[in-house]
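The questions below work through a few local features of one chain.

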Amino acid sequence: MERTQVAVVGLGAMGMATLYQLARRGVDVIGIDRFEPPHDVGSSHGETRITRQAVGEGRDYVPFVLASHAIWRELEVLSGEPLLEACGVLVLAPGSGISSHHGKRDFVARSIETAREFGIPHEVLDGVTARQRFPQFKGISDDDKVYFEPGGGYVRPERCIAVQRDQACALGARLRLRAQVTSIRQDGDVVRIGIGGDEIVADRVVVAAGAWTAPLLGAPFDRVLTVRRQVLHWFKLADVTAHAGAPVFIWMHGAGDEDYFYGFPPLANDDRLKVATEQYVAATTAETLEREVSASESEAMWRSHVAGRITGVTPEPVQAAACLYTVTPDSGFVIDHHPQMRRVMVISACSGHGFKHSAGIGQAVAEAVTGAPSSFDLSPFSLRRFQQAGVRMTLCNVRRCLLAGCE
């Protein structure tokens, strides 16, 4: 049996950030993971992750990403590792009609509104200007709505996790890797974590297990969290020089959440372009995920999204990978205490837009767990919103039933 002040279960983006933030505050902390992070089994891999500060998902997220940028810059100084590449971010949508991203209508307008509210440097471009300035994107229409954020770009997820791991360990954090947590149980003023035939006893526990959260914790998380398979594609570039100085992009070209794709400029000395889209139809689990990506999936990605829109990209796939999104009904996060175990805090359910916020969320959770003063407001990410939504849904069903004469 091991004893600790805080145990962090799951050491992906959110868990490792929390481990580091607790360690830097002098907390006796153990991090537990069933694999050896960083790894390619969960949601925190694939070389690059988009970061943008004026997040169209809502103003409640902005403090996290602003803090994350500051933390990554600090970690770069401490480690000498490049983590954040501020190459800029373009967000594009049709000039007329409906477009949606992560369940939010008119995502470009929401991004602009957020940038103005928080004083985030940005530009609003028309399609003609954007196409002239960024000739890599030949498919931009004249009337497209375009938001450009020069301070956005991408972070390197595996490096971010590895640097925070190393810094946390240097500050005294302990790791239990290749250790599968089988149970979490609050017992009075402590929490008991079962790992095979062993046990860790902690004053408090943070669960950041991503796609493994619902199977581990059960209700109500098994009703709130759904796991979706997502696929990343790398296509060979015919002309690498055409993408010199290109920004990251998020490109909505239709009405639905799946009528969009995103991508990154090629990394140094690389002749590949990474692109991906998202799907919210087929559910999976961490254990049953189909990790092989078929040639037909890459062909469909090319045909539906890439062809005719980006300069110098061939239809030849040179790499592909599957990853996991853990998604809530409103595509928002969960950062809250377990309703039956108040000494257990549950974070993540990133819903496809979490890595950019992870370092800041680690800080916010460390402050919450230790009772330190904090400027972060976690109330918008509580489980209560789903309970309230369930009550409203039940009342609506009752009204429908009365109107229809149901018994």
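Q: In which loop is the place of histidine 338?
A: The model is a predicted one. Strand β21 covers 334-337 and strand β22 covers 344-348. Histidine 338 therefore sits in the loop between β21 and β22.

Q: Is histidine 338 buried or exposed?
A: Residues up to four places away in sequence aside, histidine 338 touches Leu217, Ala219, Phe221 and Val344. Its relative accessibility is 4%, and the cut-off for burial is under 20%. Histidine 338 therefore counts as buried.

Q: How many of the twelve residues of α1 are buried?
A: The buried residues include Met14, Leu19, Tyr20 and Gln21. Helix α1 is largely enclosed by the rest of the structure, because the number of its residues that are buried is eleven.

Q: Which glycine just after α1 takes a positive phi?
A: The phi angle in question is about 80 degrees. The residue is glycine 26.

Q: Which element gives the most to the lining of the second largest pocket?
A: This pocket holds about 270 Å³ of space. Of its 14 lining residues, the closest to the centre are Val231, His233, Thr277, Gln279 and Glu297. β15 (226-237) and α8 (295-306) each supply at least two residues of the lining. The most, five residues, come from α8.

Definitions and conventions:
Residues numbered from 1 in each chain as written. Predicted model: local features only at pLDDT ≥ 70, side-chain atom pairs only at ≥ 80, totals over all residues. Heavy atoms only, no water. Buried < 20%, exposed > 50% of the residue type's maximum accessible area, 1.4 Å probe, protein only. Helix = DSSP H or I, 4+ residues; strand = E, 2+ residues; numbered from the N terminus. 1 Å grid on protein atoms, 1.4 Å probe; cavity = no way out; pocket = protein on both sides within 12 Å on 5 of 7 lines; lining within 4 Å. Points joined across faces, edges and corners; volume = space filled by probe spheres on them. Contact = heavy atoms within 4.5 Å.
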